[in-house]
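Subject: Structure handover

Hello,

Please find the structure below, with the sequence alongside. My notes on what was found in it follow.

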Amino acid sequence: MERSCARAVEIGLPAIAFTDHADFVKVHPEQYCVDINGYLAAVEACRAKFPDLRILSGVELGEPHWFVKETADILAAGPLERVHGSVHCVRIGGELIDASDFRHQDASFDIAGATREYFKEVLAMVEAGQPFETLAHLDYPKRYWLEGAAPYREEDYEEEMRAILRAAAQSGRVLEVNTTRGNVLCPGRIVLRWWREEGGRAVSFGSDAHDPDKIAAGFEPARQMVESVGFKPAKDPTDYWRR
Ligand SMILES: [Zn+2]
């Protein structure tokens, strides 16, 4: 975290948010649950060390609608300033699989069907009323597309994504533009336009960096895209972009 703060200062970011993972499903080596008290102490230590950088606390709740008590326990340790909700895992044929493993399936894997399952789960999460503000990496499976499968096209999932966006807009949520894949923005322009059309009011930027060197990578194309769809920056650089 300290190296990330140093990097943020170096590249001139006014603020940084650490939204560490609270994953309660463990089917992938990268899933883990933050030690929330240790994390909050680390945020305080970073704030003391980098007084000119705004350091926002936060968490990324994985599948919070499946883990209501665990989610409440994490949030009770707060306050947390940025709370993301995200789905990583879907149940396919009775088995839980992380969508980042879609790319490792064999050629018989129905990736389009699995992606529909994924979106169904995101809708369930948004509708379940768990206390998260930002919808993280809406089209996560597209980052892990199976080689040889028909390419991912947003239009193929328009109905599913619009239903999610409508529910997210109605509950006052914020849509994250996740830039972890650089120029492959998650979600891209078409979906951002649907977000606007479905009543979405705010957008956040997340580089999902997991590494100090990748902080804010991809923010420039993301900024251009978000601006082109009609969202504007706030005066406070830590605030969301709004229409
Ligand atoms: Zn995630």
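A strand here is a DSSP run of E with at least two residues, and strands are numbered from the N terminus. Serine 86, for example, lies in strand β3. Please keep in mind throughout that this is a predicted model.

Serine 86

Is serine 86 buried or exposed? Its relative accessible area is 0%, so serine 86 counts as buried. Neighbours within four places in sequence aside, serine 86 is in contact with Glu60, Leu61, Gly62, Glu63, Pro64, Met125, Ala136 and His137. Two residues of that list, Glu60 and His137, come up again in the next part.

The zinc site

Which residues coordinate the zinc ion? They are Glu60 through OE, His88 through NE2 and His137 through NE2, at 2.0 to 2.2 Å. Along the chain, the donors follow the spacing E-x27-H-x48-H.

The structure has an open sheet of 7 strands with mixed pairing. If you trace the sheet from one side to the other, the order is β1-β2-β3-β6-β7-β8-β9. Which strands stand at the edges? They are β1 (15-22) and β9 (241-242); each has a single partner strand, so one side of each is left without a neighbour in the sheet.

In general, strands of a sheet pair through backbone hydrogen bonds, either parallel or antiparallel. Here β1 pairs with β2 (residues 54-62) in the parallel sense, over 8 bridges. To find one of these places on the screen, look for aspartate 20, whose bridge partner in β2 is valine 59. Helix α3 (residues 68-76) lies across β1, β2 and β3, and runs at about 170° to β2.

Cysteines

How many disulfides does a search of the whole structure find? The number is 0. Cysteine 5 is in no disulfide, and the nearest cysteine sulfur, that of cysteine 46, is 4.0 Å away. A disulfide needs the two sulfur atoms within 2.5 Å. At 4.0 Å, the sulfur of cysteine 46 is therefore too far from that of cysteine 5 for a bond. Both residues are buried: cysteine 5 has a relative accessible area of 0%, and cysteine 46 has one of 2%.

Salt bridges

A search of the whole structure finds 19 salt bridges. Here are some of them.

- Aspartate 73 forms a salt bridge with lysine 69, with the closest N and O atoms 2.6 Å apart. Both residues lie in helix α3, 4 residues apart, which is about one turn of the helix. Aspartate 73 is partly exposed at 44% relative accessibility, while lysine 69 is exposed at 57%.
- Arginine 116 forms a salt bridge with glutamate 160, with the closest N and O atoms 2.8 Å apart. This pair links distant parts of the chain: arginine 116 is in helix α4 (residues 111-127) and glutamate 160 is in helix α5, 44 residues apart. Arginine 116 is partly exposed, with a relative accessible area of 32%, and glutamate 160 is partly exposed at 23%.
- Lysine 214 and aspartate 211 meet through their side chains in a salt bridge, at 3.9 Å from N to O. Lysine 214 is partly exposed, with a relative accessible area of 46%, and aspartate 211 is partly exposed at 27%.

One more residue in α5

Alanine 163 lies in helix α5. At 21% relative accessibility, alanine 163 counts as partly exposed; the cut-off for buried is under 20%. How far apart are alanine 163 and valine 122, and what is their separation in sequence? Their C-alpha atoms are 9.9 Å apart in space, and the two residues are 41 residues apart in sequence.

Regards

Note on methods: Residues are numbered from 1 along each chain as its sequence is written. This is a predicted model: local features need pLDDT of at least 70, side-chain atom pairs count only at pLDDT 80 or more; totals for chains, interfaces and linings use all residues. Side-chain values use heavy atoms; hydrogens and water are left out. Donors are N, O and S atoms within 2.8 Å of the metal (3.2 Å for Na, K and Ca); water is not among the atoms, so sites may look incomplete. Two strands pair if DSSP finds at least two bridges between them. Contact means heavy atoms within 4.5 Å. Axes are lines fitted to C-alpha atoms, for helices over the stretch in contact, and angles run from 0 to 180 degrees between N-to-C directions. Buried means under 20% relative accessible area, exposed over 50%, partly exposed in between (1.4 Å probe, protein chains only). A salt bridge is a side-chain nitrogen of Lys or Arg within 4 Å of a carboxyl oxygen of Asp or Glu.
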